[in-house]
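Open the model in a viewer and keep the sequence panel beside it. The stops below are given in the order in which to select them.

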Amino acid sequence: MGRLDGKVAVISGAARGQGRSHAVALAREGASIVGFDICEPLRTVTTPGSTSDELEETARLVEAEGRSCLTMKADARDLPAMKALAARTMEEFGAVDVLCINHGMWNVAANTWETSEEHFEETVDVMLTGVFKVAKAFIPGMLAADRGGSIILTSSANGFTPQPGAAAYCAAKAGVINMMRVLAFELGPHWIRVNALCPGGVESPMLLEGGTVERAAELNPRYITNNRHLLPIEWLPAKSVSDAVVWLASEESKFVTGVELPIDGGWTAY
Ligand SMILES: NC(=O)c1ccc[n+]([C@@H]2O[C@H](COP(=O)([O-])OP(=O)(O)OC[C@H]3O[C@@H](n4cnc5c(N)ncnc54)[C@H](O)[C@@H]3O)[C@@H](O)[C@H]2O)c1
């Protein structure tokens with residue numbers, strides 16, 4: 001018996017990295033999965049874009065766990081697309097129990113004042129406004145189903161610690177933490193819990209492909225992006241974040257809401 005048997009989990013940014021890992025981990029515990037991803041490069045990042053093939057591979061991995069998986073190529077910033085996916089999820093699965101808003105992007109500049117408008121705007125659009133739009137589209141169905149639930153927002157250790165050259169990222173992720181607290185307040189009476197995960201440096205395409213880590217180290221040698229973990233690790237495995245996702249999705253965290261949870265190998269104690 002899985003810890004999430006009979007539950008339905010929606011995951012944004014499901015094509016690869018942490019999103020794929022969350023989809024497989026939640027399915028392994030018995031949840032049916034709805035996963036979506038933009039499956040295209042973003043304009044202002046050097047990380048290669050995810051692809052539809054990668055999203056299909058996530059579906060294949062979920063199905064290999066014996067669970068069904070609905071996938072869709074969709075942009076979190078597109079509210080009509082989010083509403084259509086929410087409606088389809090309700091039609092096909094009848095409820096949303098776990099809403100995992102995980103999608104994101106990362107870029108660095110020399111400093112805040114040399115950050116381009118495009119970089120700042122795209123980052124905030126994707127990671128703050130996009131989180132709002134996914135929540136706005138899916139929460140009404142969760143309320144209508146009236147069976148509680150767990151909303152898990154992916155912030156970052158950078159949601160409460162600074163990283164030079166990443167003002168847009170840090171501002172968006174800090175915004176996610178306080179949006180989480182507002183949602184936790186609003187949804188508490190409905191037994192919908194809302195929490196934020198704050199990972200440290202995670203092994204995923206976001207950091208490991210496209211040269212942003214090397215660029216960050218070059219631009220700000222005073223601050224090296226992956227040396228802050230207190231544990232003797234270079235990067236955290238995506239599974240370490242998925243383990244927390246499963247816990248927050250499960251009954252074991254029934255009384256946990258309004259929390260920003262660092263999964264960071266001690267990064268933020270530094
Ligand atoms: N990798 C890290 O070190 C790290 C650390 C802390 C927090 N995070 C956060 O974790 C989350 C997952 O990142 P990851 O490490 O798996 O990176 P990743 O690049 O492997 O995955 C991010 C996914 O989000 C998708 N995406 C981006 N914009 C989208 C949009 N508008 N609509 C739908 N999908 C979109 C991308 O296509 C990609 O598949 C992000 O929110 C990221 O900011 C990452």
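**Stop 1: Glu251**

Select Glu251, which is found in the loop between α8 (238–249) and β7 (260–263). Helices (H or I, at least four residues) and strands (E, at least two) are DSSP runs, numbered from the N terminus. The model is a predicted one, in which local features need pLDDT of at least 70 and side-chain atom pairs count only at pLDDT 80 or more, while totals for chains, interfaces and linings use all residues. Residues are numbered from 1 along each chain as its sequence is written, and side-chain values use heavy atoms, with hydrogens and water left out.

Glu251 counts as exposed, at 55% relative accessibility. Here buried means under 20% relative accessible area, exposed over 50%, and partly exposed in between (1.4 Å probe, protein chains only).

**Stop 2: helix α2**

Move to Thr58, in helix α2. Thr58 counts as buried, with 1% relative accessibility.

**Stop 3: the loop between β2 and α2**

Begin with Thr51, in the loop between β2 and α2. Thr51 is partly exposed, its relative accessible area being 34%. A line drawn from its C-alpha atom to that of Ser156 spans 24 Å, for a pair 105 residues apart along the chain.

Next pick Thr44, placed in the loop between β2 and α2. Thr44 is buried, at a relative accessible area of 17%. Show side chains and find Glu122: a polar contact of 2.6 Å joins the side chains of Thr44 and Glu122. A polar contact is a pair of N or O atoms within 3.5 Å; within protein, one must be able to donate a hydrogen and the other to accept it, and residues adjacent in sequence count only if both atoms are side-chain atoms.

Then go to Cys39, in the loop between β2 (32–37) and α2 (52–64). Cys39 is not a glycine, yet its phi is positive, at about 50°. With a relative accessible area of 8%, Cys39 is buried.

**Stop 4: Trp191**

Select Trp191, in the loop between α5 and β6 (192–199). Trp191 also has a positive phi, near 60°, in a residue other than glycine. Is Trp191 buried or partly exposed? Trp191 is partly exposed, with a relative accessible area of 48%.

**Stop 5: the ligand**

Select the ligand and the residues around it. There are 30 such residues, and Asp37, Asn102, Tyr169, Val202 and Ser204 come nearest. A residue is near a molecule or strand if one of its heavy atoms lies within 4 Å of it.

Which distances separate ligand oxygen atoms from Tyr169 and Val202? An N or O atom in the side chain of Tyr169 is 2.7 Å from an oxygen atom of the ligand. For Val202, a polar backbone atom is 2.7 Å from a ligand oxygen atom. At Gly104, a backbone N or O atom lies 3.4 Å from an oxygen atom of the ligand. The ligand taken alone exposes 820 Å², and the protein buries 98% of that; accessible areas come from the Shrake-Rupley method with a 1.4 Å probe, and for residues only the protein chains shown count as cover.

Finally, color the shell by element. The elements that give two or more residues to the shell around the ligand are α1 (17–28), α4 (117–145), α5 (167–187) and α6 (205–208). With three residues, α6 gives the most.
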